[in-house]
Structure formats: C-alpha cells, structure tokens
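Open the model in your viewer and keep the selection tool at hand. Follow the stops in order.

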Amino acid sequence: MIARGATTPLALGSAFKLYVLAALAEDVKAGRRRWSDVAVLTEKSYPSGQMQDWPQGAPVTLHTLASLMISVSDNTATDQLIAVLGKDRILKLIEDSGHADPGANDPFLTTRELFMLKADPALTAQWRSGDDAARAGVIDALAARPDPPLEDINAAFANGPKALDVEWFAAPADLARLLAHMRRTADPQALAIMAINPAATETIRANWRYIGFKGGSEPGVMNFTWLLTDTDGRDWVLTLGWNNPAAVVDEGKLEAIAQR
C-alpha cells in the first residue's frame with residue numbers, strides 16, 4: 001500500500017454516493033430488493049444531473065436511479081434512493097463497512113438538504129452550533145421550506161468554498177474499506193454501474209480487467225475514487241481527496257496526478 005493521509009477525514013462531495021449504492025446493492029444481494037423494483041419519483045434536488053427536470057410521479061427502476069446517481073452524479077436520483085432506502089439504512093452501511101467515524105455523517109444529509117443549508121448562513125450557523133438532535137430539527141425544518149431558485153443556490157457557491165464542515169465525510173482508508181466491503185456484500189451489478197463512467201483513458205483501460213469510478217466536487221472539495229481489477233484478478237483501490245476551505249482546488253492538477 002502507498003498512502004499519505006490515509007486516515008485523515010475529508011469532505012467527499014458526491015463520492016458519498018458510493019455509500020448509497022453500497023446499501024442498495026447489499027439489499028439486492030440479500031433479496032430485500034430487486035434492481036427492477038420501481039420507485040415513484042417524489043424527490044427533487046438541484047443539478048448535477050437531469051432528473052430534476054423529470055415529472056414528479058414518474059415511475060423509475062432502482063437500477064436507473066443508481067446508474068444516473070453514479071454515472072452522471074444525478075442529485076435527484078440520489079435523493080430518491082435515499083428516500084427509498086431510508087437514512088438509517090445508509091448509516092448502518094457506513095458503520096458496517098468499517099468507517100472509522102460513522103457518526104461524522106449523522107444526521108445524514110440529502111443533496112437537497114446540503115444545498116439549502118449552505119445557501120442560508122443562518123441555517124449553517126444553527127447546524128454548526130447544534131448537537132445531533134438540533135441538527136435533526138434543522139433538517140425537519142428544511143422539509144417544510146420551499147425550494148430556493150437555482151440562481152440562489154448557484155450564487156451561494158459562486159465565491160469559493162462554502163462551509164466545508166457541512167458535507168459527507170470519510171478518510172481514504174474508509175473508502176478503501178467500503179469498496180472491499182462491496183466486493184463481499186454487494187450484488188455484482190453495482191460494480192457494472194460503477195463502470196459506466198470509468199473516468200480513464202482508453203490506454204489506461206486496456207491495462208485493467210475492470211475499472212469502476214465515482215468522484216465528487218464542490219468549491220474547495222475534490223475526490224477521485226477508483227476500484228480497479230488487474231489482469232490477474234487482483235483488486236486495487238486508488239482514491240485521492242483534496243480539501244481547501246480557503247480556495248477552489250485545481251481539479252485538473254489532481255486529475256493529472258490520478259491519471260499518472
């Protein structure tokens with residue numbers, strides 16, 4: 001293993017969606033759900049993605065939701081899966097996967113809740129100062145609020161990093177343990193979903209039997225995480241995270257390091 005800062009907790013951005021996928025895929029393997037199960041679209045978040053523009057009430061399979069969540073980081077698909085699974089189910093998966101500090105993600109946020117928290121300085125302050133019960137109360141209050149216009153959300157993120165302590169958290173070692181846990185407990189279709197967008201060049205892909213990927217970003221946050229299987233069938237994990245609460249991080253620079 002080559003590691004630097006492997007046990008340092010970092011904000012993940014959308015890489016947290018691997019935990020949602022893992023919980024779903026574990027339920028499928030255990031027979032509690034099927035990929036073909038249909039959910040009625042009730043949730044709505046903000047881009048990235050496309051499902052925020054789909055009609056409410058649309059029937060969507062869990063496979064479609066998971067595929068959009070991972071391949072194009074669709075936030076509405078993510079929040080719909082969180083609604084289907086339940087936050088407690090995902091928190092249990094985080095703990096079961098060997099996360100060193102699962103409580104750092106409790107209360108567990110949807111993407112809509114994160115956007116709304118960061119867009120309102122007063123709510124951000126309440127979140128920071130409150131205990132778990134107070135934070136749960138903030139989340140309950142958000143459910144009753146109308147969605148701010150997309151322009152307000154975009155404006156909240158326009159001036160650099162925004163409240164990086166309002167996020168989802170894991171250390172690189174936690175993510176490596178998660179992927180190992182998925183190998184043991186997840187339905188294999190989850191790995192096929194991770195391979196839809198492998199974020200690797202054709203030259204790199206030719207050297208590996210399998211490449212699965214999920215990344216995440218917001219101003220000041222960047223994560224790239226790959227599960228790779230070599231030609232001998234051995235699994236490898238490459239995960240890189242970069243947080244800077246004072247400045248936007250250079251995505252191109254970190255990606256260049258990762259691709260090398």
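**Before you start.** This is a predicted model, in which local features need pLDDT of at least 70 and side-chain atom pairs count only at pLDDT 80 or more, while totals for chains, interfaces and linings use all residues. Residues are numbered from 1 along each chain as its sequence is written, and side-chain values use heavy atoms, with hydrogens and water left out.

**Whole chain.** Show everything as a cartoon. There are twelve helices and seven strands (DSSP runs numbered from the N terminus: H or I of at least four residues for helices, E of at least two for strands). The C-alpha trace spans about 55 × 40 × 30 Å along its principal axes. The radius of gyration is 18 Å, which agrees with the value near 18 Å for a compact globule of 260 residues (taken over C-alpha atoms; the rule is 2.2 Å times the number of residues to the power 0.38).

**Helix pair.** Select 17–29, helix H1, and 62–71, helix H2. Their axes come within 10 Å and cross at roughly 160° (axes are lines fitted to C-alpha atoms, for helices over the stretch in contact; angles run from 0 to 180 degrees between N-to-C directions). That makes H1 roughly antiparallel to H2 (an angle over 145 degrees). Now show side chains. Lys-17, Val-20, Leu-21 and Leu-24 in H1 meet Leu-62, Ala-66, Met-69 and Ile-70 in H2 (contact means heavy atoms within 4.5 Å).

**Two loops.** Pick Ser-73, in the loop between H2 and helix H3 (75–85). Its phi is positive, near 55°. Move on to Pro-107, between helix H4 (87–96) and helix H5 (111–119). The peptide bond from Asp-106 to Pro-107 is cis, with omega near 5°. Most residues other than glycine have a negative phi, and most peptide bonds are trans.

**Sheet.** Which strand order does the open sheet have? The order is S5-S6-S7, with antiparallel pairing (strands pair if DSSP finds at least two bridges between them). S5 (210–218) and S7 stand at the edges with a single partner strand each, so one side of each has no neighbour in the sheet.

Select S6 (221–229) and S7 (235–243), which pair over nine bridges. Thr-229 has Asp-235 as its bridge partner, and Asn-223 has Gly-241. Five residues separate the two strands of this hairpin, and Gly-233 in the turn has a positive phi of about 90°.

Terms used
Parallel < 35°, antiparallel > 145°, perpendicular 65-115°, else oblique.
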